[in-house]
Amino acid sequence: MFDDGATLNNLTPLLPRPMSNDTPMTSTSPSLEKENTMTDWQQAELLAKNAFVNGDYDAVIDHSSGTVDDLQKRLVYLLKMRMVAWARKGQHKRELDEASTIIQYAPHDPAGYMCMGHRYADQGHQTKAIKVFDNGLRNVPQSDNQYKALYDGKQRAMERRNQRIDIIAKVPFDVMGIIVDQIPARSLVSCIKVSSVWRQKLLEYPRCWRTIRIEDIDGVDVPARMWYVLPLVSHHVRELSLPHAPQLPGYLKLISTKCFTNLQSFQIRNPISRSLLCALSVSINLQHYIKENKHGFEDYCELFHECLPNIGSTLTSLDIHFFGDCISLSLILNACRNLTEIGIYDNGEGPTFSGLVLSFKTLLKKVVLQTVYTTLQTSELVPLFQCSPVIQYLALKGCEDDMYTAVSENCSSIKVLKIGHGPQRMDDFVDVYPGSHSGLTSLSAYYLTSRLPLMPLIDKHSSTLCSLHVKFPMSIGFIRQQESWDNLSSLALNGLVRLYLENVPKAIVNDLPRLLERCSKLKTIYLNNVHGRIPDAAFLALSNLRKLNSLQLQYARFLEQSILRFLHSVQRPRNDGHGLTKLRLYVDGNIADAVLLACAAVENLSYLAICCTTKMTANNEQTFSAGLSRLPRLRKLHLSNMKLSEQSLLHIGQNNNLKEVQLNNIYYLTAVQIQDAFAPHIVLKFTEYTA
């Protein structure tokens, strides 16, 4: 390695020196007589100026030449010091820039060549290093004591270049596969260009091309990297995902002409970027955008339809996002008869799902259909249900109330049903995958104004239903008609294991005790945005749930004594060794100190999340942090908006079982204090406090 310290020590000091008072003056200039502390180069400058005025040009050259040489030496000396300083700071690009400047100003000085050559060699650029050393050997005099060091540097760089091994070319094929599997998809395209050997081996290795996400390789707004590679590996591709507008037409044309004999999964993700889609979330703006770009969307749809015959025979999964009026579900299903999963997200106003004509039984097991500005007519989807006897997962957005009846009558194999009646996104649903046993296991309903449509379906599948997720409407009309959702406990929900309720109206809140008493098998309870105070009897019922392991209360109101009794009842694991493992309490205001202390004493907790603005007393804060530090199974901890001291945070960080900590807006604590409180192995996420 190049010893920059030795180079700095060998530099000759050439600092400006002041002239003494008795230095003889050869000029009669009054200004020179007044300045008795000028440096040599300042004196020479004045002498040269006077000689120039007097027309004595030989004297000008004599006075300036020595000064210029002196200044150049000083400049090179300062450049050497700055070069070494950049090296010490680890900023090697600037170090190389300084070395290049030294070579330019002092081509006979070996320091610039030595620095640049050794730096290139250490970075693995042996060819560049050899070129620099060669340049130095040509310009530096052989009498220089660094000449041999330049020669030795060149020899070492040549030896290192000759010893390099092409790993991909030398190792066995299976070992190469292990190496290639670690390379990101974006870098694989660049690796193909390294050499003909790399190109051949990588193109013949099928596993790295089985799943291709063009958006990860090309990005969003850059030229297509995969355009020239995809035709060469098309026979290896099993899963293909295309990005939105800029690259989409070209890739669709490619798919329609090339041989994708093994393609099983095909995705076209949002033609409108997520950020733009959020900006256009107001319906009138999104409608205007679609109208202005309708011609372009129609072109995409036409190209998509053209590529279906080429991939339809092998395709088993299709997931497409389109805007416009021109996607036909009937055409897709008739062209791709081996589909087991289909997802269509249509934000246009056209009849995407109308006119469905099927003369065969489909193999569909998972169906996701979403519209924004049109309603999914039950009569239009009944033919799909009738011709798809093995549907197990059904998610529909924008439905009528009678869709539940249609599903109950025609989908005998249904296991997971998600139906949205409002403007929510499909990813708002809790995703539960079907179990091994038959019958409906998971039901999600958003913005349903009455329980009546659910009753036949729940009654039919009461023995298998284990997960219920209901998000109630927030409209004024619904709040006035809450009696349409009263007596939820009267439904056949005895086998429920997971219960998720959002925007919970008072009628349901008052009915919670009876509901929880009937659902004795509940393991997970999630209540979000509860209107009204949770009754004391509800917490008593929670205490009696012997299998409960997860309780999440977000923006809910409750009495301190009620939740304290519940927390005290679950502080110790039950006789079977199980207990409450997940607890989340999110409130807009304060939570009593006693409740927080009780939360920190639940021994079986592996996940704890608390959001409140409570300022505990010093003793309670110390007890709270000590309790968290002792929880034996705590893995994840999320705290938000709380007032904690640095000492308390350090105490919490002593829990060696923690794997993930998320801290949001912890009052008066800086990022440095938060990072210092936890061990390096803990995944730490935080946002600093902002007043």
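Here's a quick tour of some aromatic rings, charged side chains and helix pairs in this structure. Keep in mind that the model is predicted. A search of the whole structure turns up six aromatic pairs, and two of them get a closer look below.

**Aromatic pairs**

- Start with F173 and Y205: their ring centres are 5.8 Å apart and their planes meet at 70 degrees, so this pair is edge-to-face. The cut-off to remember is that planes over 60 degrees apart count as edge-to-face.
- This pair links distant parts of the chain, with the two residues 32 residues apart. F173 belongs to helix α10 (residues 173-180), while Y205 is in the loop between α12 (196-203) and β1 (211-213).
- Y446 has a relative accessible area of 0%, so Y446 is buried. Y447 comes in at 21% relative accessibility and counts as partly exposed, because buried means under 20%.

**Charges over rings**

- R337 lies over the face of F360, and the distance to the ring centre is 4.1 Å.
- K643 has its charged end over the ring of Y667, 4.2 Å from the centre of that ring.

**Helices α24 and α25**

- Helix α24 (residues 506-518) packs with helix α25 (residues 536-543) at an angle of about 15 degrees, and their axes are 7 Å apart.
- Why do α24 and α25 count as roughly parallel? Angles under 35 degrees get that label, so α24 and α25 are roughly parallel to each other.
- The crossing of α24 past α25 is left-handed.
- On the α24 side, the residues that meet α25 are L512, P513, L516 and E517. Their partners in α25 are A537, A538, A541 and L542.

**Helices α5 and α6**

- Helix α5 (residues 92-105) and helix α6 (residues 110-122) pack at about 145 degrees, with 8 Å between their axes.
- α5 and α6 make a left-handed crossing.
- Residues of α5 that meet α6 include H92, E95, L96 and A99, along with S100, I102 and I103. From α6, the residues taking part are G112, Y113, C115, M116, R119 and Y120.

Methods. Residues are numbered from 1 along each chain as its sequence is written. This is a predicted model: local features need pLDDT of at least 70, side-chain atom pairs count only at pLDDT 80 or more; totals for chains, interfaces and linings use all residues. Side-chain values use heavy atoms; hydrogens and water are left out. Rings of Phe, Tyr and Trp (its six-membered ring) pair if their centres lie within 6.5 Å; planes under 30 degrees apart count as stacked, over 60 as edge-to-face and the rest as tilted. Helices (H or I, at least four residues) and strands (E, at least two) are DSSP runs, numbered from the N terminus. Buried means under 20% relative accessible area, exposed over 50%, partly exposed in between (1.4 Å probe, protein chains only). A charge sits over a ring if NZ of Lys or CZ of Arg is within 6 Å of the ring centre and within 35 degrees of the ring normal. Axes are lines fitted to C-alpha atoms, for helices over the stretch in contact, and angles run from 0 to 180 degrees between N-to-C directions. Angles under 35 degrees count as roughly parallel, over 145 as roughly antiparallel, 65 to 115 as roughly perpendicular and the rest as oblique. A crossing is left-handed if the near helix is turned anticlockwise from the far one by less than a right angle, and right-handed if clockwise. Contact means heavy atoms within 4.5 Å.
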